[in-house]
Amino acid sequence: MMSTSSAPGQDATAPAPADGLTEKRFAGIRLQEYALVIVVALLFVAGAILKPDSFPTIDNVRNMLTQASVVGVLAIGMTFVIATAGIDLSVGSALAAAGMFGGILVDPEGSTLLFVAGALGFAALIGSVNAIAIAYGRVVPFIATLAMFSIARGVALLLNDKLPVGLLDLNGGSFGDPAEFSLLWFGTGRIFGIPVSVYVFLGIVIAGWLVLNRTRYGRYIVAVGGNREAARIAGVPVRRTILSVHVLMGVLVGISAVLLCARLGSASPVSGNLYELDAIGAVVIGGTSLAGGRATIGGTFLGVLTFALIFNLMTQLDLSTEVQQVVKGAIVLGAVLLQRPEARL
Amino acid sequence: MAAPALEVRGLVKEYPGVKALQGVDFDVRAGEVHCLLGPNGAGKSTLIKCVSGVVEPTSGEILLGGEPLPVGDPAASLRRGVATIYQELDLVPELTVAQSVFLAHEPRRGPFLDLERMRRDTAALLARLGHERIDPRRRVEQLRPAAQQVVSIARALSHDVRLLIMDEPSAILDDEEIETLFAVVRRLTADGVAVVYISHRLDEIRRIGDRVTVLSDGRTTATGLPAATPTERLVELMVGRAVEQLYPQRRPAGGEAVLEVRGLRRLPEVREVSLDVHAGEVVGLGGLVGSGRTELLRAIYGLEAPDAGEVRVNGRRLAPGRPDRAIAAGLGLAPEDRKSQGLLLGWSQTKNVTLVDIGRFERGLLNVRAERDAARVQLRRLKTVPDDAERVVRELSGGNQQKVVLARWLLHHCRVLLLDEPTRGVDVSTKAELYRVIADLAADGVAILVVSSDNGELVGLCDRIFVMREGRTVFEVAGERASERELLRHSVAPAETADLIEEVR
């Protein structure tokens, strides 16, 4: 049983991979990611066959990615939250509240910068309230953010007496050809033919991957979710990690709010409805464990694409939003059922 | 002669890439205690899972009372009178004793629970085990581990058990409690129940066993040996060679005090403890389970803030309740339950080893290659099996999991190492390796404080030994003058002996 050949010390020769289960294969993350790549490809092919004129066009793909970026940014933040064995149900409401707060700051006049700062700041504040309640008040994340789900939606509606705020003309925006760094430019402008919001989303995906896989902070996040007591004994600052993850989620909600408002040219108090489900769904489809301790940004990215493709296709097939809602819920339920048993809640 | 209670013939269990069992044969007679021995990974767990129906064997037969047992059907095993008591107590702490005993087969009157009958039957079962003093209405979490063990056994009896499998039942018990357990086992066998008893503590076999079967690498290397077989012979059968020396030779330590504990109190478990550990010294903490040893280590390490007293490392006072500061000051802790407190089971060996010192590999971004190489050096130093730094820790045996925890503190170069039951559930050859590691660390000047319920281990390993009782150190002795008997005598307060199974608090 004992391997006698392994010389102690700095033997640099890498051992041949044994027959057993290494982390990557064991966790099934890689497998799930490969499977998702195939799913994404198949969905695209299906779309191209069903709607050859309108689906596989550059315009449609661009449109799809622009829409996906709003939920995509939320899903990256949600990956971090779920990695700590937490959850955030308030992101959709908080997104609306952040957009409305930025909106009233620049109504009747103001700058894009002020709007962005207002939206990010307000979203960060909401995230901080969640963070303090969870990390220091020891409220279960589910309850803390469920309460915030209600509070933030109420605040969004109160801020401008249930009315949306128009943001079309911030820094010379117009739907046809928005000036650079106008608010609309973030939603509909393009660089080299690719929408600005897609750059923002992809930038956050890459940054998220680096933070999760290549920083101490990322390691701490997953450790806290995987085994809180073991993390504490290893000297991981458990509370600070949980606190910061929820603040980070808030900031990403703010970015997401900016992208949405920039695309629509207005802030609406009823926007972001059910976005928490989209974000959580994308994370779960991607293979991140709801029980914490196992997270994948690549999986989340593919999960976001999968969702975007499915809904674009259903819209093109003239399925009603009610049907889409049923399908969406069913997909999330199915994805959780397909997770390895110990990865479920 | 009647058919044996259990007969296992040519049992094979293959997992993809692994042969857990490669042909196991043995039989257990009614009314005997049959001990099952083998190093970690020998296939003991797989074997008992096959018998209890949790795992379906690839081939081979299992006969109960001469009749074949349907395989892979836990309900059938239970109906045929097979009950298993696992090492980790699988009781729900919040339930009462009666609720635990009848969990999932509660007696009913119409649609409602028959609480009165549940209480009465539980009391009867406990009386049959000689523990009528355990109150069926008490919650399980209020009982001592030994009493919880008795509740587990009562639950097995509530199913009219013919074959009771006990997987390291003594691991969580101290010596006195083990006597209580043995008394219960003897009552069962007198009633004709067959018992399969798994333990790493070879001394127990002679005390409780009738016959012995030894497993190694998924095969039976010997079966039906008398319990009086010499220990050396059993060890040889288990590891395929003789373990020349369990405890390493140690040089006496002469360093200065690195860890100073002064008047530490953490109620209710730790009343008042003062002790020093010098550089290069191995100090043992003996005593009964529940005497406050684990809580003392946790308070020293900063996992709980003490009510009074202080801890100094190299003369500098530690911030109370701050494990991160303790680690920065050079402390390390290998906790009592490595699975739930020490490790991230879904992580690779590498990540588990580097968690404490992960910042060392961060220059803006983590250098995962340097991280893995550094972890591999420590893992190889400890000869962790398998030699694969990316292997998930959940898949390792208990002894190797403990090595991963130790590798973490080797990487940290800690100056004080707190070890809580470091060899619990570890086979004898791995134990010898762990003792070697501990001795080497001490030789490098690390101050080591070891909690152990195995008095033989304390005597063999330690330079000095303290015995704790009711939250205080009541006895101190130099290692070479210590005897197991003396340690035990000081662990138990004279008046308490009779009350051993009594509820705590």
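Helices H5(B) and H6(B) run roughly parallel to each other (an angle under 35 degrees), because they pack at an angle of about 15°. This is a predicted model, in which local features need pLDDT of at least 70, side-chain atom pairs count only at pLDDT 80 or more, and totals for chains, interfaces and linings use all residues. Residues are numbered from 1 along each chain as its sequence is written, and chains are lettered from A in the order in which they are written.

**The helix pair in chain B**
- H5 covers residues 145–157 and H6 covers residues 175–190, where a helix is a DSSP run (H or I) of at least four residues.
- Their axes, which are lines fitted to C-alpha atoms over the stretch in contact, lie 9 Å apart.
- From H5(B), the contact (C-beta atoms within 7 Å) is made by B:Pro145, B:Ala146, B:Gln149, B:Val150 and B:Ile153.
- From H6(B), B:Glu177, B:Thr180, B:Leu181 and B:Val184 take part.

**Confidence in chain A**
- The mean pLDDT (the predictor's confidence in each residue, from 0 to 100) of chain A is 87, and 88% of its residues reach 70 or more.
- Confidence in chain A is lowest in helix H1 (residues 23–27), at a mean of 44, and highest in helix H6 (residues 141–159), at 97.
- Where pLDDT is low, the predicted coordinates should not be read in detail.

**B:Ala124**
- B:Ala124 belongs to helix H4 (residues 115–128) of chain B.
- B:Ala124 is partly exposed, with 14 other C-beta atoms within 10 Å (20 or more would be buried, 12 or fewer exposed).
- The C-alpha atoms of B:Ala124 and B:Trp347 are separated by 46 Å.

How values were computed
Axes fitted to C-alpha atoms, helices over the stretch in contact; angles between N-to-C directions. Helix = DSSP H or I, 4+ residues; strand = E, 2+ residues; numbered from the N terminus. Parallel < 35°, antiparallel > 145°, perpendicular 65-115°, else oblique. Contact = placed C-beta atoms within 7 Å.
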